[in-house]
Amino acid sequence: MERVLLWVVCVLVCCFVEVGLCSLNVPPPLPVLPVPSANQLKWQQREMIMFIHFGINTFTNLEKGTGTENPQLFNPNGLDANQWATVAKEAGFSLLILTTKHHDGFCLWPSAYTNHSVKSSLWEDGKGDVVKDLSEAARAQGLDLGVYLSPWDRFEPFYGNELQYNEFYLGQLQELLTKYGPISEVWIDRFKGDNTTMIYHFSKWFAIVKELQIYANVFIDAGVDIRWVGNENGVAGLTSWSTINGSSSNFGQVVKEYLNTGDPYGTNWMPPECDVSIRKGWFWHSDQEPKSLSQLLDIYYASVGRNCVLLLNVPPNTTGLISAEDVERLIEFNKAIKTIFSMDLATSASVTASSVRGPAFSPSNVLSNDLWTYWAPKDFGSSEKSHWIELKVEEAVEFNVVRIQETIVLGQRVMEYGIYASGGDENNMMLVSNGTTIGHKKLHRLEKPVKAIRVSLVIWKFKGDVPIISSFGLHFDPFYNAVSP
Ligand code: FUL
């Protein structure tokens with residue numbers, strides 16, 4: 001009788017399991033704060049943004065105009081913003097940021113607050129508007145628009161009068177934020193020239209930006225939403241946290257090093273943007289050439305490959321077009337990125353891990369690029385314990401780039417890790433690279449290609465209860481250390 005009862009209980013338990021009554025989902029881990037806002041997340045996924053330095057400097061061959069330039073010098077008689085947008089689209093950019101006003105004060109739109117603008121130029125008989133042209137061209141290509149508006153204005157006679165100038169600047173900002181449709185990024189630097197007594201009312205300006213454009217991120221050195229990376233070479237720190245302490249970095253007196261590496265204990269999510277020009281200068285000069293493909297790829301690995309967004313400046317020339325050699329280089333650059341990353345040598349790998357939090361957090365989730373699907377190990381209650389995840393392919397693959405991505409939607413966590421590969425002997429795992437931060441995307445470029453069947457990521461130290469990995473891939477970069485025939 002007892003045996004029959006036991007049998008009935010067993011059958012009932014099995015039925016419950018079968019219909020799913022016993023297999024409730026394990027919920028996701030809690031985030032490690034701070035986490036990105038939806039606007040920051042969208043910005044991060046862009047990976048590359050095009051910067052456009054264009055203005056009176058283009059015609060005077062200067063980098064920093066003095067404000068004394070005659071507006072009639074501005075005459076780009078072949079200006080075609082559609083060409084800028086088409087090139088940007090073909091080269092893989094999704095956002096264009098234009099210098100609507102640089103330090104010289106000349107405005108590329110007909111501002112109602114000054115005559116020092118396109119309306120006093122010969123271009124289109126003073127009736128043109130570069131911001132309008134670009135906003136329409138960008139939208140036609142499905143691209144977003146951002147504006148750079150220099151606070152330092154070397155033309156404006158009342159620059160230096162705190163109240164008057166702050167109102168003037170805000171008036172200009174409002175024009176840009178209300179007349180040209182959605183603006184995705186407002187780019188501001190803190191320069192004051194020698195007039196160090198001029199005080200900018202940043203928080204008042206930023207509050208109005210947020211009121212007028214809810215999807216805009218504000219860039220400034222220590223960030224409102226996006227921070228400066230601390231140099232203009234496009235190079236992030238090998239350690240690259242998306243977090244800093246906004247308050248401790250003390251606007252205007254920020255330490256470049258701090259901005260470059262970020263702060264694992266920072267309380268603000270303020271990821272770094274790497275601004276760099278395709279040429280030596282920010283503005284177009286006839287005697288300058290675009291950087292080589294290999295220089296641009298180095299920059300890509302040092303920015304996008306270190307948890308940053310690359311803001312690459314491409315300056316239009318005096319005709320008002322992006323020069324043919326720059327177009328060619330950009331297309332070549334985009335093609336190279338596609339060649340390297342469109343093929344993931346690990347896609348057919350079987351993936352195992354030290355532990356798995358639950359069925360929804362399977363190690364194989366790292367083979368997709370979806371931010372919201374990821375591998376999470378079991379929580380052993382201590383961040384001292386290491387975790388690993390391993391890719392195993394049937395036949396050895398040769399790679400020289402390892403790509404690792406954290407699920408930053410739940411916060412940046414990893415603090416120390418190593419990458420091991422089996423080399424010639426499947427059972428002999430050797431350290432091929434290591435690092436301190438991962439973030440949205442970490443690219444390890446290996447000096448020499450590695451041929452392996454097994455590749456594993458061992459996470460030694462992390463913030464929060466568990467590390468979370470959304471993607472882990474292997475690539476071959478034929479442009480790196482290529483031996484010429
Ligand atoms: C700096 C400016 O001084 C440079 O001219 C350039 O515009 C660069 C992107 O930002 O603050």
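Reader: Are Trp187 and Phe219 buried or exposed?

Author: Both Trp187 and Phe219 are buried, where buried means under 20% relative accessible area, exposed over 50% and partly exposed in between, with a 1.4 Å probe and protein chains only. This is a predicted model, in which local features need pLDDT of at least 70 and side-chain atom pairs count only at pLDDT 80 or more, while totals for chains, interfaces and linings use all residues. Residues are numbered from 1 along each chain as its sequence is written, and side-chain values use heavy atoms, with hydrogens and water left out.

Reader: Why is Phe54 called buried?

Author: The relative accessible area of Phe54 is 2%, so Phe54 is buried.

Reader: What makes the pair of Phe54 and Phe59 edge-to-face?

Author: Rings of Phe, Tyr and Trp (its six-membered ring) pair if their centres lie within 6.5 Å; planes under 30 degrees apart count as stacked, over 60 as edge-to-face and the rest as tilted. By this rule there are 27 aromatic pairs. For Phe54 and Phe59 the centres are 6.2 Å apart and the planes stand at 65°, so the pair is edge-to-face.

Reader: Why is the pair of Trp187 and Phe219 called stacked?

Author: Their ring centres are 4.2 Å apart and their planes lie at 5°, so this pair is stacked.

Reader: How do you know that the charged end of Arg445 sits over the ring of Tyr480?

Author: The rule requires NZ of Lys or CZ of Arg within 6 Å of the ring centre and within 35 degrees of the ring normal. The charged end of Arg445 sits over the Tyr480 ring, 3.9 Å from its centre.
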